[in-house]
Amino acid sequence: MNGEIFINGSTSTDQPNPPLRQLFFVPSEVWVDIFMHSLPPLSCAQAPQKTSIALVCRFWNAIVESTPILWTRITIVDEMPYVLRSLSKSGDCPIDVNGVFEPNAKDFYTWCSNGICCQFIQEVQLHSRRWRHVALQVKRCRPSATVFPSLKSLRLCANPDSLVSDGYLALLDPSNTPHLRELSLYGTQLSRWDIPFSSTLLKLDIDDSGPSGPLSAELLSIFSACPNLTVLRLRKVHLRPASGDDNVEDSRGVSTIVELAALQELILDNCSSQLIKDLLQQLRLPENCNISLKRVIYGSSPSTSFLDPVLARCRGGLQRGEKVEEMIVVFASVGFYLAVFSQRWAIYLEIQEVCAFRDALQWFGVRVKNTDSLSDGKDETAGIVTANDPPVFLKFSSCTDIPPIEIDSPSFTGIADLECINKIKATRLLPEELLSLLSYLSQPEYPNYPTRIADCSSDPGAHEDTTRLWPFPGLSKLMVKGMREDVLKAVIEVVKSRWSGAVTGGEQKGPARLKRIEFVDGCDEVIRSEEPLLASETTEAQRDLLLELLRDLGDDAKVFWGGKRVTKTGVMGEARVQS
């Protein structure tokens, strides 16, 4: 074959060898494009796919062997003979290099023990002038070139106990890398941070700076040299102690302000409090820049240990009724994850203690002291403390959690009195955990505050109270995993018991009415539609239970089964409803 494809042009079955054939010619350039798109990403071996292509026919083999661009993907996952062959056959073309093993996190820093990486790096360094997109686990040796005219993206990963050599620091010099657009430094302990970064950078990612981190002034100097940044991500970056001469103020004592007018996304992931505070105070960002902040909280008062010192200037924009759009609580066996979303901010806090969780909620403007009944002059169906409070959404972590989630644990019962939680998504619980949760929601209990939040004297909810309260009294939306009869029966019991509690009143504080219940068969939320569920899509027992659930709920409530709306007409059939 020479690039020609023969297609049978006859539809007759009478002739065993049809004489008419249509001839199409596919240029070699098209085949090259097809082959390039079929190659796997650089994190995978290139040799198997390329060998499979070359074995199809002599013509395809000739294209593979004679086209340098098909050999420009160099990865350490391949065997060294194939790597050497690729470096040779790629000619003068720019090459993309992956010198980092990433099968899993535990192998990240240990893969160099067999010596393969050293040989790999030594070979690809000989072609460093042709580097285009490069990821390397750096050693103390230096690249062979001093100028890298083709380099567009660079990812440097270093062992945690070694500094990046000056040879690699040359890669950061703008005079050596005139076209560098993306730079990622993973675990890289730079011997010095007062180095110029390229003004052409669009994305900068610094992950784990180690004990020899930068000064605030050095970071601001780097950002000032990169005015075109669109994405800036800092993870586990900690400032090193500053001397008396190291500060972020000019000679007049005025703080240095760095403007990043093009920045679209700022990510600060578990960085030091001082670094976060300095950057939020001294970076001038555009109004449409999204800010993501992640932090592990230790102790029982995040408001005084982190939120007030670091986010005090931003607090006004994060208060209720202003910009907070949604708050998500993920309950796990190890504690809580609190996510707060606004139009611009995304704040993620990992919290272990109940006191700290309630304290963080209060800092964001959500009331955590519940002394009034929802049925006392309030809309029972709202499920929100006040009209200005953002909805708080409770989820559960993956069902693979070890140890398993305990519904009756002090951590869980310690938040069950919060009226602000108006939606519970229980799709990642094990079957027995789900049934335990539904049973817990079906009966009121004594809050027993001193036991739940012991040593939380600053918490406004820490008071003696023997009044029986419904768990999550603001709950109005419930999503469960399990389209089974036992789950249906348990949900019906929740609806009946909470409806009864809301009506009878008395000493019990009436809960909100359930307004929407969803049954799904997987861990992830399905797409809801108003398409009615048909009787043929359920069993007779399921239909009877769904109809009972509809009767127990209010007329304005909605039930979804596998993404479809449950209605009496759909489940029973129009003829039976009319009769």
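## A tour of the predicted model

Select Trp131: this residue is buried, with a relative accessible area of 0% (buried means under 20%, exposed over 50%, partly exposed in between, using a 1.4 Å probe and protein chains only). You are looking at a predicted model, where local features need pLDDT of at least 70, side-chain atom pairs count only at pLDDT 80 or more, and totals for chains, interfaces and linings use all residues. Residues are numbered from 1 along each chain as its sequence is written, and side-chain values use heavy atoms, with hydrogens and water left out.

**Stop 1: a ring pair.** Trp131 and Phe148 are a stacked aromatic pair, 6.0 Å centre to centre with 20° between the planes. Rings of Phe, Tyr and Trp (its six-membered ring) pair if their centres lie within 6.5 Å; planes under 30 degrees apart count as stacked, over 60 as edge-to-face and the rest as tilted. Trp131 sits in strand β5 (residues 131–137) and Phe148 in the loop between β5 and β6 (153–157), so the pair ties together parts 17 residues apart in sequence. Strands (E, at least two residues) and helices (H or I, at least four) are DSSP runs, numbered from the N terminus. The structure holds 15 aromatic pairs.

**Stop 2: a ring cluster.** Select Phe331, Phe336, Phe357, Phe396, Phe412, Tyr440 and Phe472. Ring pairs link these residues into a cluster. Is Phe472 buried or exposed? Phe472 is buried, with a relative accessible area of 0%. Its phi is positive, about 50°, although Phe472 is not a glycine. Find Phe472 in the loop between α13 (449–452) and β21 (477–481).

**Stop 3: another positive phi.** Go to Asn270, in the loop between β13 (265–269) and α8 (273–282). Asn270 is not a glycine, yet has a positive phi of about 50°. Asn270 is partly exposed, with a relative accessible area of 23%.

Stop 4: Colour by pLDDT, the predictor's confidence in each residue, from 0 to 100. The protein averages 78, and 74% of the residues score at least 70. Select residues 248–254. Here pLDDT stays under 50, and the model has 11 contacts beyond four places in sequence (contact means heavy atoms within 4.5 Å). Then select residues 449–455. Here pLDDT also stays under 50, with 26 such contacts.
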